[in-house]
Amino acid sequence: MLKDILIVDGYNVIFAWQSLKNLANESLEHARMELRNQLLNYGKFKGYEVILVFDGKYTKSIASIEEITKGFIEVYTDETSDSFIEREVFLRKGKYTNVYVVTSDGAEQNQILGFGGLRIPARELQNDVRLAKQEERLQYTHKHHRDQMVLR
């Protein structure tokens, strides 16, 4: 069964979400970690594979690709994140049910659509993540309550 994949332009999201932008003003590394943690949970809950992409613009680290967990890859590119993302959309189209790309960059959104990807603006992702957290809490509370009833 094919899955959905979510490819995220990390810095675009960090600077579009006010909470992450505020955190980035203090520590860009902490903002990256917070985004990673939120996307790890979101991807697992939604059943998405996730590629989180950061370009070399804001970091001194060398280009790398690291599998954080099964189905979650974090990438630091030595090129623009746009170039990397465009190539990934092209390479992954047809291997996944949907290839979603999270960016609010207008030119990038047009390229993604041209390659067969689907775009999600950064702010829309923020709302989706918030709703998924609420849904996850409800499921946990409901399951916990049901388990308690069984134990009685």
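Strand β3 (residues 64–69) is joined to β4 by 5 bridges, and the two strands run antiparallel, where strands count as paired if DSSP finds at least two bridges between them. The model is a predicted one, in which local features need a pLDDT of at least 70 and side-chain atom pairs count only at pLDDT 80 or more, whereas totals for chains, interfaces and linings use all residues. Residues are numbered from 1 along each chain as its sequence is written, and side-chain values use heavy atoms, with hydrogens and water left out.

**Strand pairing**

- The strands β3 and β4 form a hairpin with 2 residues between them, and Gly71 in the turn has a positive phi of about 90°; Thr69 stands opposite Phe72 in β4.
- β4 also pairs with β2, in this case in the parallel sense and through 6 bridges; Glu74 in β4 is the bridge partner of Leu52, and Asp55 stands opposite Thr77 in β4.
- β2 is in turn paired with β1, again parallel, over 5 bridges, and the bridge partner of Val8 in β2 is Leu52.
- Of the 6 residues of β4, 5 are buried, and of the 7 residues of β2, 6 are buried, where buried means under 20% relative accessible area, exposed means over 50% and partly exposed lies in between (1.4 Å probe, protein chains only).

**Glu74, a buried residue in β4**

- Glu74 is found in strand β4 and counts as buried because its relative accessibility is 3%.
- The side chains of Glu74 and Arg36 are joined by a polar contact of 2.7 Å; the term stands for a pair of N or O atoms within 3.5 Å, of which, within protein, one must be able to donate a hydrogen and the other to accept it, and residues adjacent in sequence count only if both atoms are side-chain atoms.
- Not counting residues up to four places away in sequence, Glu74 touches Arg36, Leu52, Phe54, Ser64, Ile65, Glu66 and Ile68, contact meaning heavy atoms within 4.5 Å.

**Nonpolar cores**

- The largest nonpolar core has 28 residues, and those with the most contacts inside it are Leu6, Val13, Ile14, Trp17, Leu35, Leu39 and Leu125; such a core is a set of buried Ala, Val, Leu, Ile, Met, Phe, Trp, Tyr and Cys residues joined through side-chain atoms within 4.5 Å.
- At least two residues of this core are supplied by each of β1 (4–9), α1 (10–14), α2, α3 (28–46), β2 (49–55), β4 (72–77), β5 (98–102) and α6 (122–151), and the largest share, 6 residues, comes from α3.
- A second, separate core has 12 residues, among them Ile7, Val75, Ile85 and Val89.
- If neighbours within four places in sequence are left aside, Val13 is in contact with Val8, Leu20, Leu35, Val102 and Ala122.

- The buried residues of α5 are Glu108, Gln109 and Ile112; seen down the helix axis, they fall within an arc of 105°, so they line one face of α5, the arc being that of the directions from the helix axis to the C-beta atoms.
- On the other side of α5, Ala107, Asn110 and Gly114 are exposed, while the cover over the buried residues of α5 includes α4 (81–92), β5 and β6 (118–120).
- Gly116, which follows α5, has a positive phi near 95°.
- Asp105 lies in the loop between β5 and α5 and counts as partly exposed, at 26% relative accessibility; leaving aside neighbours within four places in sequence, Asp105 is in contact with Asn12 and Asp82.

**Overall fold and confidence**

- The protein chain has 6 helices and 6 strands, which are DSSP runs (H or I over at least four residues for helices, E over at least two for strands) numbered from the N terminus, and along the sequence they follow the pattern β-α-α-α-β-β-β-α-β-α-β-α.
- Buried residues make up 39% of the 152 residues in the protein chain.
- The protein chain averages a pLDDT of 87, and 89% of the residues score at least 70, pLDDT being the predictor's confidence in each residue, from 0 to 100.
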